[in-house]
Amino acid sequence: MANALAGALVLAVAGSLGMIGNVLFTDDFSDGNTVGWIEVNALAPLGGTAYDASGGRYDMTSNASLPPLPFYVGDGVILADSIGNRDYRNCTVRFSVRVNNESTNFQFAGRGNPETPGASYIAFNYQRELGIFINVIPETGGSGGNAPIAEAPFEFEVGRDYNVLVSMHGEHLSMKVWAADQAEPRRPQIAVNESRFQQQSGAAFIMYNQPTFQPGGNGGTLSASFDNVVVTRGGRP
């Protein structure tokens, strides 16, 4: 019995060490700072964005209420460690996210180019009228945006925390979303093959508006936050 327990302990410790070795990046913002993050401030022409992690989450809020717009606009932050880092081409990204009003949608940008999150990347989205979906940027769909390449119904409750698990493994992409106070689903709601941008590595967290060509696109303040970011090597096949 003692030998069996000792063996189990060795295996458990080895497994934990393996997990630690696979972690690329982690931040729960408990230190209240934003070291390691690059603020984009793409909304500067419309009043800019306030970024703050002093409350233990990374909060992003537009400084002005946006007018109704017939196109997408947004703002966000780039994970500095991902820029030019090959390990972010194939990785799993886990985080929690909260949207604070119905004017705000949310996106994780994976495999972005190192200059900005807006030039070309794989986008893992939540949008109020569409649910969760994956699409590809740059925009080729005109003012209506890019059509999803995979989607599933899902609704975020304003002010509630949701966990997100994004996986990028070769051409295999997946996205799993669930309320933080609920059990994690066994399988991702979305899984798709997409061969573009496999040589890019940047990662970013973005909030964006509800445009006027969708119901509820009446403008308003953008406000969202994210937390508990953990990036591990390799993705999930």
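Student: Is F29 buried or exposed?
Tutor: F29 is buried, because its relative accessibility is 0%, which falls under the 20% limit for a buried residue. Please note that this is a predicted model.

Student: Which aromatic residue does F29 pair with?
Tutor: F29 forms an aromatic pair with Y58. The arrangement is edge-to-face, with 5.3 Å from centre to centre and 70° between the planes. F29 lies in the loop between β1 (23-27) and β2, and Y58 in strand β4 (residues 58-62), so the pair ties together parts that are 29 residues apart in sequence.

Student: And Y58, buried or exposed?
Tutor: Y58 is buried, also with a relative accessible area of 0%.

Student: What about W37 and F226, how are their rings placed?
Tutor: Their ring centres are 5.4 Å apart and the planes meet at 65°, so this pair is edge-to-face. W37 belongs to strand β2 and F226 to strand β15 (residues 223-233), which means that the pair ties together parts 189 residues apart in sequence. Both W37 and F226 are buried.

Student: How many aromatic pairs does a search of the whole structure find?
Tutor: The search finds 22 aromatic pairs. There is also one aromatic cluster whose members include F29, W37, Y58, F108, F205 and F226.

Student: Changing topic: how many helices and strands are in the chain?
Tutor: The chain has one helix and 15 strands. Its length is 237 residues, of which 47% count as buried.

Student: Which strands form the open sheet, and in what order?
Tutor: Seven strands take part, in the order β2-β5-β14-β7-β8-β9-β10, with antiparallel pairing. The edge strands are β2 (37-39) and β10 (150-152), each of which pairs on one side only. On average, neighbouring strands of this sheet are turned by 20° against each other, direction ignored.

Student: What holds paired strands together in a sheet?
Tutor: In general, strands of a sheet pair through backbone hydrogen bonds, in either a parallel or an antiparallel manner.

Student: Which strands does β7 pair with?
Tutor: Strand β7 (residues 105-112) runs antiparallel to strand β14 (residues 202-208), and six bridges join them. Within this pairing, F108 stands opposite F205, and G112 stands opposite G202. Strand β7 also pairs in the antiparallel sense with strand β8 (residues 121-127), over five bridges. There, Q107 has N125 as its bridge partner.

Student: Why is β7 described as largely enclosed?
Tutor: Eight of the eight residues of β7 are buried, so the rest of the structure largely encloses this strand.

Student: Now salt bridges. How many does the structure hold?
Tutor: The structure holds ten salt bridges. One of them joins the side chains of R233 and D87, at 3.4 Å from N to O. R233 lies in strand β15 and D87 in the loop between β5 (74-79) and β6 (91-99), so this pair ties together parts 146 residues apart in sequence.

Student: What are the relative accessible areas of R233 and D87?
Tutor: R233 has a relative accessible area of 37% and is partly exposed. D87 is partly exposed as well, with 30%.

Student: Which residue forms a salt bridge with E184?
Tutor: The partner of E184 is R94, and their closest N and O atoms are 3.5 Å apart. This pair links distant parts of the chain: E184 is in the loop between β12 (172-179) and β13 (190-193), whereas R94 is in strand β6, 90 residues apart.

Note on methods: Residues numbered from 1 in each chain as written. Predicted model: local features only at pLDDT ≥ 70, side-chain atom pairs only at ≥ 80, totals over all residues. Heavy atoms only, no water. Helix = DSSP H or I, 4+ residues; strand = E, 2+ residues; numbered from the N terminus. Buried < 20%, exposed > 50% of the residue type's maximum accessible area, 1.4 Å probe, protein only. Pairing = 2+ DSSP bridges. Axes fitted to C-alpha atoms, helices over the stretch in contact; angles between N-to-C directions. Phe/Tyr/Trp six-rings, centres within 6.5 Å; stacked < 30°, edge-to-face > 60°. Salt bridge = Lys/Arg side-chain N within 4 Å of Asp/Glu carboxyl O.
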